[in-house]
Amino acid sequence: MVLKVFFPSCCSSADSGILIGRWISEQNSAVILAVVHFPFIPVQVKQYLGELQRVTKVSVSVLGSWSNSKQEKEESLSEFLEDLGTIFCHEPWIQISKEGDSKFWSCSTLQKHSKNPQEEEIILVYYDQRKVMLSHLHPPLDTAGPRAEDASKLSAIFDTVARSQVLFMTDRYDEGPIKLTHWQSDGVEASIIVELMKQASVPACMLLTFLLSLLSGICRSRLLKFWPLSFLWSKLSTCEQLGHRLQHLQVISSNKKAQTQNQLMRKANIFVSLLIDVALGILLMSWLYRKNRIGHLADTLIPVADHVAEELQDLLQWLMGAPAGLKMNRALDQVLGRFFLYHIHLWISYIHLLSPFIEMILWYVGLSACLGLTVALCILSDIIALLTFHIYCFYVYGARLYCLKIYGLSSLWRLFRGKKWNVLRQRVDSCSYDLDQLFIGTLLFTILLFLLPTTALYYLVFTLLRLLVVIVQGLIHLLVDLIDSLPLYSLILRLCRSYRLAAGVKFRVLEQQDGKPLRLLMQINPLSYAGVVQTYRLPTYSCYPRDSWASLCKKLFLGELIYPWKHKGEKQN
Amino acid sequence: MAEERRFRSASGAPIALRRRQHSACCRELAVRGPRLQLRSLSAATSAVWLAAYGLFALSQNSMVLSAAIFITLIGLIVYLHFVKIDQESLLVIGSLGIQVTSSYASGKESTTFIEMGRVKDVVINEAIHMQKVIYYLCILLQDPEDPQGVSEVVPLFQSSKPRLDCLIEVYKSCQDILEQRKTAPQSS
């Protein structure tokens, strides 16, 4: 069977010594972690390895010998190295030797207790120790599960190197009895900024937790639970977004350290997302408040509302005449048209009543854009909802009228045919009616039928307007969702340090020489951007369409009120 | 040792198969498709620019010309980087796995490595592609729950689509190495 030796490329120029690492017998592969140099005392080496095994839970042992001779191969050294095999008994004892500056090393194994002493082929795989240690292997999405983990050989190798971090903490300036060579043996690297941030983060987290607990205490107080206020909070999307962000802040400021890679990435993603959100919000705020743009905005708000109301009035006048050449029932037309016109008149009066305060309100509301761009977008969506409230009212009136008419028509149609709806049995049953019941029923049916086009037209027009507003609000919420759920930290990591997020490995065949073992270079194959987004997406209170297209059309036809977007926390009605 | 032979793809274009044996358990098979022809590139560019000049003559708006240049450049870059595959190669390393690489004309390489434990077999399969029935080589992946089942089929050489004679050569080379894992005694 083929023997695979995973050799760290940083040890290629190390002095002679013995190899320590992990032997994975089921895969017949040896993962070499470091080289221990002469002189050493075997007892101390064994002690050190025992301690290491206890701390890291990785079965590290002496795997073989490494000889790097600058001059010609010395016979005595090779015998000495073979004798070492008897002290540190390991099956098989791997011997790697490099002559001078040659790229092609010779590798052989000593099997003392082998049953079939045949020449087995050796594959030498070089790997970058630092990158493999820092990298996180993502299994392919279809093979997630406990059984698949056993089958993956690569994850065992990545796991071994990642868990041996303690081994890499001893560098050559340490005064211990063991002299090692690994990727960090020239000196342990650390960054002052990272250390300072780690120290500063603990009190910052505690402060943040305290503030958040105060805030959530206020939010949950009885004062805000009274009926008008609680209804308002549930309808405004700004409050939902603020609650969502509060939750995020609670996740970041929690004292528990992240246990798994996923949790760590999620915390980092939330942090970066919040940061970018607030930065964009402050940018927006500075743009709005410079040159008093918000004042201009407030000044144009009332004329825009007036303009919308005027357009609606024109529309109603058009409907009251002969819209698109259709002939309406004059009396009903006039009644409905006048009713809606009066409604618009009331609305305009209220808006004009508010007009002196609009600028001040908008100025203070605009300040809340510093909480984040998503909050600003939600406020925009809420302002649109408030400004088009009359369209919503008209839609509800029109829909209710139309719905009533449709139900009346369907029930009277059943009366026409001599049937009745049985509420107990939930089905249509035949029923014998009296003559006067039939007479009145037929009369009402005719009236309702001939008044149907007028009501249907009003319903159609206001439903279209309402759908337009809903689409605009939906687009804004889509943008908010995008900003909320995009894992920015993971994407930046994939861009700058692509070896941290590994989808797998790739092998490159290096120069070969006959008689020497096969040389391969193992590199990390990074995850694709789409894979990164899919794996690390942040969950949101997403608004996705509640109804399918078919049921939406059915509801529209019957005149039932539609609430197209469903929020995750809402109860089903 | 390397050897190169010429074959034809399913649509008749000339392709070349290069076989290299790095060691007893490691083989590399690379299929190289035809390079981007200067003829087709000039034809496409001229067509786009003639259309742009026609639009310019109609509308007298010089933005059309700059837009055409922009579109040609962007289109060429996108084509070379995402669409045109120059070479597809298969690296079979006994007891490690199979690596499938596609090299694009811009130099980008996209690699997938499948561990030997997940590979059930390499077979030649038939498929209906447009109006033809073609042969293609594919790797069958093992289903972890069911030892007899196949969880996924990974088709190889999808852009060069070699014909059966080329596929048989590749198949024989792969099976040489895959058989070794059945005959080799498992270490305890």
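How much area is buried between chain B and chain A, and what share of it do carbon and sulfur atoms give? The area is about 2,100 Å², and carbon and sulfur atoms give 57% of it. Buried area here is the accessible area (1.4 Å probe) that two parts lose on being put together, summed over both.

This is a predicted model, in which local features need pLDDT of at least 70 and side-chain atom pairs count only at pLDDT 80 or more, while totals for chains, interfaces and linings use all residues. Residues are numbered from 1 along each chain as its sequence is written, chains are lettered from A and ligands numbered from 1 in the order in which they are written, and side-chain values use heavy atoms, with hydrogens and water left out.

**The interface**

The contact (heavy atoms within 4.5 Å) takes 25 residues from chain A and 22 residues from chain B. B:Ser95, B:Leu96 and B:Glu115 supply 24% of the area that chain B buries against chain A, more than any other three residues. The count of salt bridges between the chains is 0, a salt bridge being a side-chain nitrogen of Lys or Arg within 4 Å of a carboxyl oxygen of Asp or Glu. There are 4 residue pairs in polar contact across the interface, both residues at pLDDT 80 or more. A polar contact is a pair of N or O atoms within 3.5 Å; within protein, one must be able to donate a hydrogen and the other to accept it, and residues adjacent in sequence count only if both atoms are side-chain atoms.

On the side of chain B that touches chain A, β2 (14–23), β4 (85–93) and β6 each supply at least two residues. Strand β6(B) gives the most, with 4 residues. Helices (H or I, at least four residues) and strands (E, at least two) are DSSP runs, numbered from the N terminus.

**Strand pairs in chain B**

Two strands pair if DSSP finds at least two bridges between them. Both pairs below run antiparallel.

| Strand pair | Bridges |
|---|---|
| β1(B) (residues 2–8) and β2(B) | 7 bridges |
| β5(B) (residues 97–104) and β6(B) (residues 109–115) | 7 bridges |

B:Glu4 stands opposite B:Arg18 in β2(B). The hairpin of β1(B) and β2(B) has 5 residues between the strands, and B:Gly12 there takes a positive phi near 100 degrees. In the other pair, B:Ser102 stands opposite B:Ser110 in β6(B). The hairpin of β5(B) and β6(B) has 4 residues between the strands, with B:Gly107 at a positive phi near 105 degrees.

**Backbone features in chain A**

Most residues other than glycine have a negative phi, and most peptide bonds are trans. A:Asn28, which is not a glycine, has a positive phi of about 55 degrees. A:Asn28 lies in the loop between β2 (17–24) and β3 of chain A. A cis peptide bond joins A:Phe38 and A:Pro39, with omega about -10 degrees. A:Pro39 is in the loop between β3 (29–37) and α1 (42–56) of chain A.
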